[in-house]
Amino acid sequence: MVACIIALIVLAFMALFSAKYRVWFREALSCVTRRFVLKSCNTGFDSKVKSVVTAKLLKKNVKMARFTHKYFEAISWIFMIIFVVSLVFTAYGLYNIAVYGSCDPQNPDMCVLTPGISSCSHECPEGNCQASMVPCDTCGCSGEECS
Amino acid sequence: MDEKIRSDFPVLNREGKPIIYLDSACQTLRPNQVIDKINEYYKEYPACGGRSLHKLGKMVDEKVIESRKRMQKFIGAKKSEEVIFTKNTTEGINIILNSLSLKSGDAVITTDKEHNSVLLPVQFLAKRKGIEHKITKSNDDGTFNLDKFQELLTPEVKLVSVVHTSNIDGFTNPAKEIVKAAHDNGSLVLLDGAQSVPHKEVDVKKLDVDFLAFSGHKMCGPSGTGILYGKYDLLKNMEPIFVGGETVSNSTYTTSEMENPPERFEPGLQNYAGMVGLAEAARYLQKIGMDKIQRHDVELNKYLTENARDLGLQILGPSDPGLRSGVFSFNIKGLDPHEIAIMLDHTNNIAVRSGMHCVHSWFNENEIKGSVRASMYFYNTKEEIETFISTLKEIIKLR
Ligand SMILES: Cc1ncc(COP(=O)(O)O)c(C=O)c1O
């Protein structure tokens, strides 16, 4: 089930670009909807995803393939939890931007999405500003270009 | 078999990673000769058969007659009128079961390994008309138990409908003995030849079988083609289940005069491209030689069984591969059959079938979830079988 949800999300994106994945997406959707109404996933989609992933790994590393095959459900859960947690953080960040103008209202400088804050993260030593480098407002060369 | 034969099959020669096709029990690959014949119809005489008097229409008629004769020879029928073109085995079986005028109190015997294409029409007859359905059980190794079968033969048994070669395990039931016992009882015999006709010589006269149904797509013919054979005198006294254009010679608002077989059983415009394509497939197989094909299938199955011995596979059917035709059905303990099939496909492009192969009843009865089925044909090679075995070895490591 978890594998189907993860696959559904990934395939939803991939289906936008390739017809090949649209068939898979439909299968994942049917599997997930059936599971939500407590019916079994008759397309066998979860085991299909597991087998395809395992087969790809089998060609590269048997141990990894065996591990994935054995703990596929657990691995899917981990991905699911990571996905849900990042979804919650993203939603919280967007809420903060909408309400406070920055995704981290305590520390607006740390939020790259805060309007006016550039995404440059590297240190720019004083006096080392050069032309034709990326614009960088946070490293003390405001208005100029620095490395 | 030689490389020359493989070069006839476009799918085996396409660019990129080669395909190892081990799903011929489902549908076989098609050689260029068959594809060209199908195209020939569409390019050269794409018209109606049996009715139009123009040149193209006459050409279609000639080709259909030729094709029917070719199929007659292929199965050793007495007359070409005994050969009915259908769309598959299932249609042929349904025609016979529903045209025989079976009634309440009559009984039909089938084996315990029938494809749904036999089981379901018989079940429906049992429900709708109250016929009795008797099932003869196979031995534990999948072989046929003639004694048990004979015990079921009572005067009520009007029809014995048996699978010739099983699509689960490749075992070929002793058709001649079955026909003899059934005829001694006054029962007719319908043989499901879907898996036998493509792989060995099946001669309806020698077997003395009353009806035989098989599919074109399992013998290098076009998809959605098949043949129903019936002894002429039997067919002549049967009412078709589908009627319409071509099945009658004349009609008024209230009456109609039935055509003779085979037209009686071929309603409406037909799949003419399929007919000529199927006849070409029969010609192609005969040119290779049915004996040679049968020997090749068994040789590959022996090679596979021998070399897969240490893998600990649970093989369905008799342990002697010589009795399993080109079918190698197995399970790996701890792994799901569908997963194995997908992994074979995604690691080395190996196409096999998994599941219950439309014989759910047998799998359910034996409490087996399904199986992986590798089915071989004359275009498969020992090298392909080696790749199949080495891939299985990798997959087994997942347990
Ligand atoms: C033994 C047997 N009988 C009948 C059939 C049905 O054939 P078709 O689907 O071509 O009608 C099959 C198909 O796999 C088969 O293997």
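## The parallel strands of chain B

Strands 5 and 6 of chain B run parallel to each other and are joined by five bridges. This is a predicted model, so take everything here as computed from that prediction. Within this pair, B:Val163 has B:Asp192 in strand 6 as its bridge partner. To get from one strand to the other, look for helix 7 (residues 175-184) of chain B: together with strands 5 and 6 of that chain, helix 7 makes a right-handed β-α-β unit.

Strand 6 (residues 188-192) of chain B is mostly covered, with four of its five residues buried. Strand 6 also pairs with strand 7 (residues 211-215) of chain B, again in the parallel sense, this time over three bridges.

## Strand 3 and its two partners

Now over to strand 3 (residues 107-111) of chain B, where five of five residues are buried. In a regular strand, side chains alternate between the two faces of the sheet. Here both faces are covered: B:Ala107, B:Ile109 and B:Thr111 are buried on one side, and B:Val108 and B:Thr110 are buried on the other.

Which strands does strand 3 of chain B pair with? One partner is strand 4 (residues 132-136) of chain B, parallel to strand 3 and joined to it by five bridges. In that pairing, B:Thr110 sits opposite B:Ile135. The chain gets from strand 3 to strand 4 by way of helix 5 (residues 116-129) of chain B, in a right-handed β-α-β crossover. Another partner is strand 5 (residues 157-163) of chain B, also parallel to strand 3, with four bridges between them. There, B:Ala107 has B:Val157 as its bridge partner.

## Around the ligand

What surrounds the ligand? There are 14 residues around it, and the closest are B:Thr90, B:Asp192, B:Ser215, B:His217 and B:Lys218. By type, the shell splits into nine polar, three nonpolar and two charged residues.

A few polar side chains come with distances to oxygen atoms of the ligand. For B:Thr90, a polar side-chain atom lies 2.5 Å from a ligand oxygen. For B:His217, a side-chain N or O atom is 2.7 Å from one, and for B:Asn167 a polar side-chain atom is 3.5 Å from one. On its own the ligand would expose 390 Å², and the protein buries 90% of that.

Strand 12 (residues 327-331) and strand 15 (residues 371-375) of chain B run antiparallel, with four bridges between them. B:Phe330 stands opposite B:Val372 in strand 15.

## Chain A

Chain A has five helices and zero strands, which reads as α-α-α-α-α along the sequence. Of its 147 residues, 29% count as buried.

Is A:Asn96 buried or exposed? A:Asn96 counts as buried because its relative accessible area is 2%, and the cut-off is under 20%. A:Asn96 lies in helix 5 (residues 72-100) of chain A. A:Tyr21 is 75 residues away from A:Asn96 in sequence, and their C-alpha atoms are 35 Å apart in space.

Methods: Residues are numbered from 1 along each chain as its sequence is written. Chains are lettered from A and ligands numbered from 1 in the order in which they are written. This is a predicted model: local features need pLDDT of at least 70, side-chain atom pairs count only at pLDDT 80 or more; totals for chains, interfaces and linings use all residues. Side-chain values use heavy atoms; hydrogens and water are left out. Buried means under 20% relative accessible area, exposed over 50%, partly exposed in between (1.4 Å probe, protein chains only). Helices (H or I, at least four residues) and strands (E, at least two) are DSSP runs, numbered from the N terminus. Two strands pair if DSSP finds at least two bridges between them. A crossover is right-handed if, with the strands pointing away from the viewer, the path from the first strand over the helix to the second runs clockwise. A residue is near a molecule or strand if one of its heavy atoms lies within 4 Å of it. A polar contact is a pair of N or O atoms within 3.5 Å; within protein, one must be able to donate a hydrogen and the other to accept it, and residues adjacent in sequence count only if both atoms are side-chain atoms. Accessible areas come from the Shrake-Rupley method with a 1.4 Å probe; for residues, only the protein chains shown count as cover. Ala, Val, Leu, Ile, Met, Phe, Trp, Tyr, Cys and Pro count as nonpolar, Asp, Glu, Lys and Arg as charged, and the others, Gly among them, as polar.
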